[in-house]
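Please keep the sequence and the structure in view as you read.

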Amino acid sequence: MSRPVHVALELDDIQRGVLSPRPTPYAATYLVFRVDDRADGRELMRRASAVVTSAADTVSPRGDTWVSVAISCRGLEALGVPRASLDTFAWEFRQGMAARARTLGDVDASSPENWEAPLGTPDIHVVLTAVAPDPRRLEAALDRARPAYDRLSGVTAIWRQDCYALPTEAEHFGYRDGISHPAVEGSGIAGSNRMEVPLKAGEFVLGYRDEIGGLQTPQPEVLGRNGSYAVFRKLYQDVAAFRRYLRDNATSPEDEELLAAKIMGRWRSGAPLALSPHHDDATLGADGDRRNTFLYERDDPAGFITPGGCHIRRANPRDASVAGEVRLHRMIRRGAAYGPPLPEGVLEDDGADRGLMFAFIGAHLGRQFEFVQSEWMNDGVFFGAGNTKDPITGSHDGVTGITIPRRPLRRRLTPLPRFVVTRGGEYCFLPSRSALRWLGGLQN
Ligand code: HEM
């Protein structure tokens, strides 16, 4: 399955946002458009193809500043992509995220009827994302992109979300994020775990062989090849509840930090328990070469160091023995914080909207994003832990908790409340640059 084969990825055709890690720190904006007029929508595609940079363009004078364009299935319909072509896209993509709510655990507070308007409606057509190292360069990138959608009366901007990654890369619960990335054959971009054999390009980019030798290419070829699926989700984080939970279940401030690490699998600095089991190690947390180079099975099969139920071991069990084939469920993941941080030490909610703009990129919506979300985040059967859920992002109902393996007695925490609530999102297609031009030239 993992024989290294030379694959020539057409990097100059693949959108920059697919494979390139984002800079640190950065500012980003999601802009969502509704297309009411097919001709204007196609003009938007034509203009966007000139603004979107490619994965090959990592040394442009614009440096770490780029714009990506993604389109939902309703968006492709609005552009007039023929039905026969739409039918060749992944089934989950054609359904759209709101229709997949039950599978994704988007129930109760997270259910689509409670989503932020217009998320979850058929109006989400085109999603433009701009990324830059700081707000000034972000505004410049948005200014450069503006001619793509300005003065098109049939295209309306209907939603905007600004987000950011701090220099510390801390997300709102206080952990360093943006650490673990898969290595992709032919991308020229190193993965963050030197022990991971690079994954086949077809796991992330459509039109290339994947880990099981399959080839997914929505048709026609010019539309599907060099594209990817992209999922964006706005996830609210109840920071005060998370902090109270840690405090209420810990015996001391040191124990609180240990619990926080056992829940995530990493200390707040990003240092993994696997490499620093007893205390945080800020130097390790900041060391891009070392902090993700580890496996689980040899030294920690039963999770005494990194619990099987913690966030990172659920999200990527690496070589741990679990039901299924881990390499078929990997993902490129980009997270950015939105909303103001809750000041340090505050345990009561201040009513502000804050959380994570989560983004997934991959070629297999079903067996990558949906599988991880439903089988690994919202169930525990795969590693023998019954119906337990991910402590960070599981759709908890106050019944199941987390068990931390420990000698002589395991440690069981009180049932977990739901700390993360889905505010909305969509399944999108990130077309290649030539596909953007093809969409712009549609004639029907
Ligand atoms: C608000 C919700 C979430 C928060 C606060 C969060 C936070 C984190 C943090 C701090 C890390 C460790 C840093 C890193 O490895 O880059 C991480 C890793 C990861 N998360 Fe999340 N996450 C959230 C939601 C999700 C969701 C919904 C998924 C997937 C459905 C997911 C999948 C992953 C994966 C695959 C990793 C890398 C694991 C590894 O390779 O070791 N996360 N997350």
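We start with the ligand and its surroundings, then turn to one helix.

This is a predicted model, in which local features need pLDDT of at least 70, side-chain atom pairs count only at pLDDT 80 or more, and totals for chains, interfaces and linings use all residues. Residues are numbered from 1 along each chain as its sequence is written, and side-chain values use heavy atoms, with hydrogens and water left out.

Which residues are closest to the ligand? They are Ile179, Ser180, His311, Arg318 and Arg333, out of 26 residues that surround the ligand (a residue counts if one of its heavy atoms lies within 4 Å). By class, this shell has 13 nonpolar, 7 polar and 6 charged residues (Ala, Val, Leu, Ile, Met, Phe, Trp, Tyr, Cys and Pro count as nonpolar, Asp, Glu, Lys and Arg as charged, and the others, Gly among them, as polar).

Now look at single atoms. An N or O atom in the Ser180 side chain is 2.5 Å from a ligand oxygen. For Asn316, a polar side-chain atom lies 2.9 Å from an oxygen atom of the ligand. Gly178 takes part through its backbone, with a polar atom 3.3 Å from a ligand oxygen.

Finally, find helix H9, residues 239–249 (helices are DSSP runs of H or I, at least four residues, numbered from the N terminus). Is H9 mostly covered or uncovered? It is mostly covered, with 8 of its 11 residues buried (under 20% relative accessible area, 1.4 Å probe, protein chains only). Among them are Phe242, Arg243 and Tyr245.

Methods: A polar contact is a pair of N or O atoms within 3.5 Å; within protein, one must be able to donate a hydrogen and the other to accept it, and residues adjacent in sequence count only if both atoms are side-chain atoms. Buried means under 20% relative accessible area, exposed over 50%, partly exposed in between (1.4 Å probe, protein chains only). Helices (H or I, at least four residues) and strands (E, at least two) are DSSP runs, numbered from the N terminus.
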